[in-house]
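Please examine the sequence and the three-dimensional model shown below. The paragraphs that follow lead from a single residue to the sheet, the helices and the core.

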Amino acid sequence: MRHINVPNKSNPDHEPSEAIKPSRRRFLQSAAAAAAVTAAPLAHAQQPAATSAPPPPTPNTAAPLMPVKLTINGHAYDMQLEARTTLLDALREYASLTGTKKGCDRGQCGACTVIANGRRINSCLTLAVMHDGDSIVTVEGLANAQTLTLSPIQRAFIDHDAFQCGFCTPGQLCSATALMDEFRAGDASAATADVRYRPPQLSDDEIRERMSGNICRCGAYPNIVAAVKTVAINKA
Ligand code: FES
Ligand code: FES
């Protein structure tokens, strides 16, 4: 039986009649049910994490470590290093030998020069794992630790005032030390007039050429050449 809302003249406040009350109840019940259905997905989304899908696994970005044995300035070092660790970082960050400087970190300045198995190298350009078992000499190893005396090159640098800020000096000293050995072994350079013969002594041009991989931003080149020449003449 359909109920129609007819104005009741006997009821001046237009209170709904008893006949329409069931319709209002049904309307409210329907609205409540709709709200419950709408809220259901939200309630599901707010479930505790324990019942939701597990997060994707975090990728393991740590590189595996590799054993590296170095003899540095006569002392044995056993290190565990990532394969990507440069020899320069191994010296500075793992062996705590910070005398070797990081200037450009790309083989352009020579501040990182060390001596590996008797040859001077830019330690920023080579990986530590490639030197497993090698003997490395850094600026800390040039002086005689027993007698506490500087090497001839170190003494000459002081005597000739061959530095200003000193940042390039460890590399210059290692480079000049190896230069002496290379010269005595008969190695030629781009400045050697006749590569079949070792020059009788190091000229300024020879020294400049052989030290050209070491940049000095303070411009102490004339004094560096003088220091190297002094040692070369005394050792020739
Ligand atoms: S730091 Fe190695 S060459 Fe500059
Ligand atoms: S002394 Fe300063 S860069 Fe060489």
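Pro 222 counts as exposed, because 12 C-beta neighbours lie inside 10 Å. Pro 222 is found in helix H6, which covers residues 221-235. Pro 222 and His 160 are 62 residues apart in sequence, and their C-alpha atoms are 9.4 Å apart in space.

The model is a predicted one, in which local features need pLDDT of at least 70 and side-chain atom pairs count only at pLDDT 80 or more, whereas totals for chains, interfaces and linings use all residues. Residues are numbered from 1 along each chain as its sequence is written, while chains are lettered from A and ligands numbered from 1 in the order in which they are written.

The secondary structure of the protein chain comes to 6 helices and 5 strands. Helices (H or I, at least four residues) and strands (E, at least two) are DSSP runs, numbered from the N terminus. Along the sequence, the pattern reads α-β-β-α-β-β-β-α-α-α-α. Of the 236 residues in the protein chain, 29% are buried.

How are the strands arranged in the sheet of 5 strands? They form an open sheet with the order S2-S1-S5-S3-S4 and mixed pairing. Strands S2 (75-82) and S4 stand at the edges with a single partner strand each, so one side of each is left without a neighbour in the sheet. On average, neighbouring strands of this sheet are turned by 40 degrees against each other, direction ignored. For such angles, axes are lines fitted to C-alpha atoms, for helices over the stretch in contact, and the angles run from 0 to 180 degrees between N-to-C directions.

The pairings can now be followed across the sheet. Two strands pair if DSSP finds at least two bridges between them. Strand S1 (residues 65-72) is joined to S2 by 8 bridges, and the two run antiparallel. Within this pair, Leu 70 stands opposite Tyr 77 in S2. S1 and S2 form a hairpin with 2 residues between them, and Asn 73 in the turn has a positive phi of about 55 degrees. S1 is also joined to S5, by 2 bridges, and here the strands run parallel; Ile 72 stands opposite Ile 136 in S5.

Strand S5 (residues 135-137) pairs with S3 in the antiparallel sense over 2 bridges. In this pairing Ile 115 stands opposite Val 137, and Ala 116 stands opposite Ile 136. Strand S3 (residues 113-116) is joined in turn to strand S4 (residues 119-122) by 4 bridges, again antiparallel. Ala 116 stands opposite Arg 119 in S4. S3 and S4 form a hairpin with 2 residues between them. Asn 117 lies in the loop between S3 and S4; its phi is near 50 degrees, a positive value in a residue other than glycine. Asn 117 is exposed, with 12 other C-beta atoms within 10 Å.

Attention may now turn to helix H4. 12 of the 16 residues of H4 are buried, so this helix is largely enclosed by the rest of the structure. The buried residues include Thr 169, Leu 173 and Phe 183. Just after H4, Gly 186 takes a positive phi of about 90 degrees.

Which residues have the most contacts inside the largest nonpolar core? They are Phe 157, Leu 173, Ile 224, Ala 227 and Val 228, in a core of 45 residues. A nonpolar core is a set of buried Ala, Val, Leu, Ile, Met, Phe, Trp, Tyr and Cys residues joined through C-beta atoms within 7 Å. The elements that give two or more residues to this core are S1, helix H2 (87-94), S3, S5, helix H3 (152-159), H4 and H6. Leaving aside neighbours within four places in sequence, Leu 173 is in contact with Val 139, Leu 142, Ile 153, Gln 154 and Phe 157. Contact here requires that the C-beta atoms of two residues, placed from the backbone, lie within 7 Å.

Key: A residue is buried if 20 or more other C-beta atoms lie within 10 Å of its own, exposed if 12 or fewer, and partly exposed in between; C-beta atoms are placed from the backbone.
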